[in-house]
Amino acid sequence: MKLIRKIQVVAVLFLIIPGHLFSQNCATHHLDGDCHNDVQKGYKVYSQSHSTQISALDTVEMSIVFYGQKDYILSFCTHKNLYPIHFVLIDEQTKEVLYDNEEDKYLESLGLGFDVAKPMILRVNAIARLSNDEEINDKIGCLGLLIQYKNYSRKKVQLQL
Amino acid sequence: MKPLRNNFLILIAIGSLMLAGACKSGQKESTVLIEDVSHTTSEDRLHSFSQIIHLYPSPAEMLSVIDFTEISYNAALLNPIEKADQYLDSKRQTFALGMYLTDLAYNALFGRHVETLDYLEVVKSLAADININEAVDESMIEQVKNNVEFLDSLYNISNEAFINILSFCERNDRSNTVVMLSAGAFTESLYLAVQMIEDFSTADHILQHLADQKYTIDNFMLFARGLGSDDPGVVSTLKDLEEIKSIFDGIEPGSGDISIKSATPEEKNHPKKLVIGASGAGSQPHLSEEDFEALRAAVVELRNKSVEIN
């Protein structure tokens with residue numbers, strides 16, 4: 001009887017714990033989502049890598065400080081129904097659009113070299129080409145931005161000086 | 001037979017529930033779960049949602065910009081580990097944790113294995129004091145012990161400690177902790193940087209790095225103020241940083257003009273790459289000697305106030 005009681009308690013717990021507690025938190029999606037496929041040898045993960053929730057109706061802007069004399073790789077990932085991801089790189093000081101991935105068929109990874117430190121805005125939205133209208137209105141998923149970096153090689157630094 | 005049949009039915013019920021959860025998670029190849037926004041009406045969702053997230057570098061990344069090959073290690077600059085258990089209220093403990101994370105990064109960047117381990121132990125202890133002990137666990141200490149010779153590994157572990165703490169706080173709605181901890185880390189990073197400058201006229205590289213922190217403090221303050229927290233610890237932390245912020249606000253911001261080009265053919269590989277450079281010396285923020293002296297005085301005052309024991 002004790003065993004039955006224990007099983008009943010477990011069963012009740014499964015019933016009363018809200019489903020969302022079992023769902024994945026987005027905080028580390030850039031590390032455990034598809035972005036992981038872009039991890040490059042010799043690069044370190046930048047602490048400003050970030051994940052958040054997004055739907056096809058949302059726009060997310062990330063303001064990021066890029067230090068100079070470094071190469072970076074930006075990689076975006078999300079749920080399969082929210083692809084492709086549209087992102088625009090904007091100079092935070094002048095508000096000039098420096099790059100729009102629409103011109104490259106929404107590529108998901110971009111390399112950036114920064115000779116000097118600059119703050120940049122990444123404006124991101126999910127196109128959700130595979131979703132129907134109902135899904136676009138009702139679904140949200142994780143959006144991950146993995147930023148990797150490595151220092152410029154000394155040879156390159158000398159050339160710039 | 002009846003109890004056995006009951007058991008069987010209950011087990012089937014539990015199994016079905018678990019399978020249902022598993023199937024839901026398996027909707028795509030990766031582990032992401034798209035969640036139904038059941039509490040939000042379609043009408044609500046018709047309005048697009050815009051979110052702005054302000055991010056800033058870790059203390060290890062801030063310090064790693066400095067060329068340590070021309071600087072001597074100076075333990076006297078760091079907050080002694082013996083002080084760690086004398087910070088009693090949670091605001092001071094959290095601020096101190098940020099400072100110790102920076103000191104940890106400083107030791108790691110100099111490849112000081114023993115000191116890195118000592119400061120990681122302090123970080124672990126303070127993290128436990130403010131109930132974020134899951135973010136820095138024993139495995140991290142073991143990693144340092146097992147990576148005696150690898151400078152890069154020490155740096156990575158020190159950076160990982162900071163990232164883990166931020167990630168833990170984000171998952172557990174501990175934004176106030178992030179503010180106080182980041183403020184401590186930022187203050188200590190600035191303190192170490194200003195203390196490395198002995199002669200203003202020959203310290204161009206560190207001075208430019210210091211001036212670039214204008215971007216970091218801007219993003220940090222926008223993040224922190226955006227929370228709208230009335231937590232006394234957060235309010236006093238932001239008040240403490242106001243003088244430093246006003247000095248950065250007053251420095252020459254630079255024109256911000258940049259040049260942009262595609263990578264040269266030999267650099268060009270996967271993925272597509274752009275190179276962003278300055279379009280002249282005036283495009284970057286610049287610290288005058290007067291700005292630097294004011295910044296140094298403000299940073300040293302705040303840092304010394306923060307480390308002293310009441």
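What pLDDT does chain A average, and what percentage of the residues score at least 70? In this predicted model, chain A averages a pLDDT of 84, and 80% of the residues score at least 70.

**Confidence in chain A**
- Over residues 12-23 of chain A the pLDDT falls below 50, and the model gives this stretch 6 contacts beyond near neighbours in sequence.
- Residues 157-161 of chain A likewise stay under 50 in pLDDT, and for these residues the model has 3 contacts beyond four places in sequence.
- Where pLDDT is low, predicted coordinates should not be read in detail.

**Make-up of chain B**
- Chain B contains 11 helices and 4 strands, and of its 310 residues 39% count as buried.
- Among the contacts in chain B with a separation of 6 or more, 75% are accounted for by residues 24 or more positions apart.

**The largest nonpolar core**
- The largest nonpolar core has 112 residues, and those with the most contacts inside it include A:Tyr72 from chain A as well as B:Leu101, B:Leu104, B:Val123, B:Ala161 and B:Ile165 from chain B.
- Helix H8 of chain B, which covers residues 175-195, gives the most to this core, with 12 residues.
- Because domain 1 (59-251 + 288-307) and domain 2 (253-285) of chain B both give residues to this core, it lies between them.
- B:Tyr100 is also one of the residues with the most contacts inside the core; leaving aside residues up to four places away in sequence, B:Tyr100 touches B:Asn79, B:Ala84, B:Tyr119, B:Val122, B:Val123 and B:Leu126.

Note on methods:
Residues numbered from 1 in each chain as written. Chains lettered and ligands numbered in written order. Predicted model: local features only at pLDDT ≥ 70, side-chain atom pairs only at ≥ 80, totals over all residues. Helix = DSSP H or I, 4+ residues; strand = E, 2+ residues; numbered from the N terminus. Buried ≥ 20, exposed ≤ 12 C-beta atoms within 10 Å, placed from the backbone. Contact = placed C-beta atoms within 7 Å. Core = buried A, V, L, I, M, F, W, Y, C linked by C-beta atoms within 7 Å. Domains from an automatic or database assignment. pLDDT = per-residue confidence, 0-100.
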